[in-house]
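Good morning, colleagues. Please look at the sequence and the model first.

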Amino acid sequence: MSRSHRRAAVAALFSFLFGCSAFVSLDGLTGGDAGLAEGGDGSDDVESDVVVQNDAGIDGRVSPCLKPHTFCDDFDHGLLGAKWDRMVMTAGSLSLSTNAVTQPNALEATAISITGGSQTLLAKTFPAMDHTHIELDIQVANPSDTTQTEVDLVALWLVQAPPGYSSSELYVERWQDAAILEQYALADDGGSVGQSLPINETFNAWRHVTLDLDRPSSTFTMSIDGQTPTVMLLEAPLAMFPFELGVGVANVSSTIAGEWDVWIDNVVVDQN
């Protein structure tokens with residue numbers, strides 16, 4: 001896969017992430033007509049007998065927020081985005097959807113006829129730790145345009161790049177009709193590190209995704225629906241800096257036509 005498109009995307013990405021005009025304040029944002037209870041923390045009053053039927057075969061799932069985690073959002077309680085630091089909508093819209101793994105809601109990110117570098121996401125910063133474990137459910141509607149289109153569904157951006165680099169990012173992305181696990185970093189000398197591993201998955205049905213970032217071994221691991229994990233040995237080092245997690249349409253590398261719809265449910269982060 002060519003990496004030349006990443007240079008413009010990275011510049012636009014950090015402009016959006018750290019430029020105030022790109023962000024929408026989370027104060028006063030509501031879940032629209034999705035029936036959210038204001039002030040919930042994502043774990044209170046969650047029904048424990050929810051039974052879910054979906055294309056991924058995940059039956060009987062209950063909210064992971066019933067148990068303690070470093071962070072958990074099932075999008076079922078409180079204001080949309082209340083647990084996150086930033087909400088970005090330069091590519092489309094964010095809303096709550098009843099297409100969910102655990103009822104009643106999931107996050108829906110929609111991107112329509114957008115240009116490279118655009119985003120529609122929720123983002124939150126986490127401290128630097130040796131081990132970070134992330135779980136979430138993802139579904140992508142079969143887009144009308146997949147030609148030469150790269151859409152990042154999950155992103156991890158180091159808030160401060162490691163020595164010798166000006167940026168460092170990790171992605172779970174949909175590249176045309178396949179998934180990709182990717183690291184991309186820009187070096188201070190103008191060079192770049194770009195590596196990717198293809199995954200036989202389209203996310204056209206609900207999939208449970210597990211990600212593990214291990215700093216001591218410098219590895220990034222992904223497993224889908226509990227299958228054999230894909231392990232990436234990272235070429236650019238992982239420094240002990242905080243990182244920002246983005247979910248939704250985390251970045252679009254090129255102009256696309258038509259509409260992309262991404263659903264995210266049950267985001268869990270644990271660190272030690």
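This is a predicted model: local features need pLDDT of at least 70, side-chain atom pairs count only at pLDDT 80 or more; totals for chains, interfaces and linings use all residues.

**Salt bridges and their surroundings**

Let me begin with D137, which forms a salt bridge with R61, their closest N and O atoms lying 2.9 Å apart. By salt bridge I mean a side-chain nitrogen of Lys or Arg within 4 Å of a carboxyl oxygen of Asp or Glu. D137 belongs to strand β7 (residues 131-140), while R61 sits in the loop between β1 (23-24) and β2 (71-73), so this pair ties together parts that are 76 residues apart in sequence. Strands here are DSSP runs of E with at least two residues, and helices are runs of H or I with at least four residues, numbered from the N terminus.

Residues are numbered from 1 along each chain as its sequence is written, and side-chain values use heavy atoms, with hydrogens and water left out.

Is D137 buried or exposed? At 0% relative accessibility, D137 counts as buried, and R61, at 17%, counts as buried too. The terms are these: buried means under 20% relative accessible area, exposed means over 50%, and partly exposed lies in between, with a 1.4 Å probe and protein chains only.

How many salt bridges does a search of the whole structure find? The search finds 5.

Another of them joins E244 and R86, with the closest N and O atoms 2.4 Å apart. Since E244 lies in strand β15 (residues 243-252) and R86 in strand β3 (residues 86-89), the pair ties together parts that are 158 residues apart in sequence. E244 is buried, at 2% relative accessibility, whereas R86 is partly exposed, with a relative accessible area of 21%.

I turn next to E201, which forms a salt bridge with R207, the closest N and O atoms being 3.1 Å apart. Salt bridges that share partners join E201, R207 and D225 into one network. E201 counts as buried at 13% relative accessibility, and R207 counts as buried at 19%.

Finally, a residue in a loop. A91 lies in the loop between β3 and β4 (92-97), and this residue is buried, with a relative accessible area of 5%. A91 and S118 are 27 residues apart in sequence, and their C-alpha atoms are 5.0 Å apart in space.
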